[in-house]
Amino acid sequence: IFFESRIEESEKSKNLNVIVAGRIGTIIYTETEKGTVGLGSIEGYAAVSAAQKKTINVAFTFKNGGNTLLSPKGSIIIVDDNANLYGKFDIASFNALPGEAIPVKSSYNLALNSGVYNIITTLDYEGIYPLTQENKLIVK
């Protein structure tokens, strides 16, 4: 929807070279109270240690399998088998329309020693339960 101001012609405006009108636009999105299904999934998850063990690259696809707009946001934590925390990073909120698959790629500066770590990604899309993906991260 766009709202525009209207400029009325007058004796003063006839002598002007430039006339400026204001225009504001907005998106209106509605959803029904009943029958709305919010269903998200994480697909194609990959996490690798790169750049001489100083960077963690994470990539996955968030798929909106429901019939409403989803705005997931979340976090990634890196722990060892003893639950010692090595890093925690936020995933900024993004929008996914129904049926849309959004690729999510992030890089985090984190120096890890050689070993095996657990990388846990949690996305809250305001569904019944947040999505959680746990994978092994091997640093050589």
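This is a predicted model: local features need pLDDT of at least 70, side-chain atom pairs count only at pLDDT 80 or more; totals for chains, interfaces and linings use all residues.
Select Ile1, Phe3, Ile24 and Ile28. Together these residues form a nonpolar patch on the surface.

Now zoom in on Ile1. This residue sits in the segment before strand 1, which covers residues 2-4. Is Ile1 buried or exposed? Ile1 is exposed, because its relative accessible area is 53% and the cut-off for exposed is over 50%.

Next, the aromatic rings. How many aromatic pairs does a search of the whole structure find? The search finds five.

Select Phe62 and Phe94. Their ring centres are 5.8 Å apart. The ring planes meet at 80°, so this pair is edge-to-face. Trace the chain from each residue. Phe62 belongs to strand 4, residues 55-64. Phe94 is in the loop between strand 6 (85-91) and strand 7 (101-109). The pair therefore ties together parts that lie 32 residues apart in sequence. Both Phe62 and Phe94 are buried.

Move on to Phe89 and Tyr108. This aromatic pair is stacked, with 4.3 Å from centre to centre and 20° between the planes. Phe89 is in strand 6 and Tyr108 in strand 7. The two residues are 19 apart, and their pairing links distant parts of the chain. Phe89 is buried, and Tyr108 is buried too.

Which residues do ring pairs link into a cluster here? Phe62, Phe94 and Tyr125 are joined in this way.

Note on methods: Residues are numbered from 1 along each chain as its sequence is written. Side-chain values use heavy atoms; hydrogens and water are left out. Patches are made of residues with over 30% relative accessible area and no salt bridge: like charges are joined within 9 Å, nonpolar side chains (Val, Leu, Ile, Met, Phe, Trp, Tyr) within 5 Å. Accessible areas come from the Shrake-Rupley method with a 1.4 Å probe; for residues, only the protein chains shown count as cover. A salt bridge is a side-chain nitrogen of Lys or Arg within 4 Å of a carboxyl oxygen of Asp or Glu. Helices (H or I, at least four residues) and strands (E, at least two) are DSSP runs, numbered from the N terminus. Buried means under 20% relative accessible area, exposed over 50%, partly exposed in between (1.4 Å probe, protein chains only). Rings of Phe, Tyr and Trp (its six-membered ring) pair if their centres lie within 6.5 Å; planes under 30 degrees apart count as stacked, over 60 as edge-to-face and the rest as tilted.
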